[in-house]
Amino acid sequence: SGWINYSFDPSCSYNVGPQLLRGGSDHNTCYKNGNSTNVSFLINSDLRPQVTYPTGQGFLQGTPIVVQTLLQDDCALVSGATPAMKVETDFGGPKTCSNFSNGGGTYNCTWNSVAQPRGWYNASFNVSKTYYNNNGTIARYSFFLGTAPTLSAEAGTSGRRDRPAVRLAQGAATAARRPRIASTRSPRRPSAARGDPRSRLG
């Protein structure tokens, strides 16, 4: 018909970005071999980000938290993308994490948790790169941020030394506890049995 039709489905052997396509005829007996001019087109791909760590771990306030991520497309790991990450609680605004360490398709960000609210945090990871479709992901309840509990002794009200009261405090919430603590009180001398000569006076 004089037309060249070719269905092109690029495999992973092709790189993303500008490509050239040229068609023609060859090995003709009645016609002179010839090719068309170059036709330019683009190969795009989809970015597939994922948060690989934390996955529900807990951390203490003030601990540097490293959020680890991985970026792939349909074929392989993708390096050189522009990452953006935020962590946020269900009751607070998002906190930006910008201290990235990138390499080989991994994008790890260290978040400073000093003086940050306690609770569960979600981690969102968004990426962009030329010749790729932008994408993002959210890891819900990625990690929990808390404070270490503190123990303090309370003065007893009953006068008994073998039942001390201990207050367990964590952040703004406190709760009284009475743990099982071994007594340092000297054992009580057993009373003499009836009929024992030691029970008689004189």
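Two strands are said to pair if DSSP finds at least two bridges between them. Strands themselves (E, at least two residues) are DSSP runs, numbered from the N terminus. The model is predicted: local features need pLDDT of at least 70, side-chain atom pairs count only at pLDDT 80 or more, and totals for chains, interfaces and linings use all residues. Residues are numbered from 1 along each chain as its sequence is written, and side-chain values use heavy atoms, with hydrogens and water left out.

**The four-stranded sheet**

Begin by selecting Ile65 and Trp111; Ile65 stands opposite Trp111 in β12. Then extend the selection to strand β8 (residues 64-72), which is joined to β12 by five bridges, the two running antiparallel. Next, display the open sheet of four strands to which they belong, in the order β6-β8-β12-β11 with antiparallel pairing. Its edge strands are β6 and β11 (100-103), each of which pairs on one side only. From one strand to the next, the twist averages 20°; the axes behind such angles are lines fitted to C-alpha atoms, for helices over the stretch in contact, and angles run from 0 to 180 degrees between N-to-C directions.

Select Gly103, which stands opposite Thr106 in β12. The hairpin of β11 and β12 has two residues between the strands, and Gly104 takes a positive phi near 65° there.

**Backbone exceptions**

Most residues other than glycine have a negative phi, and most peptide bonds are trans. Where does the chain hold a cis peptide bond? Select Tyr53 and Pro54: a cis peptide bond joins them, with omega about 5°. Pro54 is placed in the loop between β6 (48-53) and β7 (57-60).

Continue to Ala115, in the loop between β12 (106-112) and β13 (119-128). Ala115 is not a glycine, yet its phi is positive, about 60°. With a relative accessible area of 72%, Ala115 is exposed; the term exposed applies over 50%, buried under 20%, and partly exposed in between (1.4 Å probe, protein chains only). Tyr131 is another residue other than glycine with a positive phi, near 75°. Tyr131 sits in the loop between β13 and β14 (132-133) and is partly exposed at 33% relative accessibility.

**Aromatic pairs**

Now show the rings. Rings of Phe, Tyr and Trp (its six-membered ring) pair if their centres lie within 6.5 Å; planes under 30 degrees apart count as stacked, over 60 as edge-to-face, and the rest as tilted. The structure holds nine aromatic pairs. One of them is Tyr107 with Phe125, a tilted pair with 6.2 Å centre to centre and 45° between the planes. This pair links distant parts of the chain, since Tyr107 lies in strand β12 and Phe125 in strand β13, 18 residues apart.

Select Trp120 and Tyr141 next, an edge-to-face pair with 6.0 Å centre to centre and 85° between the planes. Here too the pair links distant parts of the chain: Trp120 in strand β13 and Tyr141 in strand β15 (residues 135-146), 21 residues apart. Trp120 is partly exposed, with a relative accessible area of 38%, and Tyr141 is likewise partly exposed, at 45%. To finish with the rings, select Phe59, Trp111, Tyr121 and Phe143, which ring pairs link into a cluster.

**Disulfides**

How many disulfides does a search of the whole structure find? The search finds two, a disulfide being a pair of cysteine sulfur atoms within 2.5 Å. Select Cys12 and Cys75, whose sulfur atoms are 2.0 Å apart. The torsion about their S-S bond is about -85°, so this disulfide is left-handed. Cys12 lies in the segment before β1 (17-21) and Cys75 in the loop between β8 and β9 (82-88), 63 residues apart. Cys75 is partly exposed at 42% relative accessibility.

Cys97 lies in strand β10 (residues 95-97) and Cys109 in strand β12, so the pair ties together parts that are twelve residues apart in sequence. Cys97 is buried at 3% relative accessible area, and Cys109 is buried at 0%. Counting bonded cysteines along the chain, the disulfides follow the pattern 1-2, 3-4.
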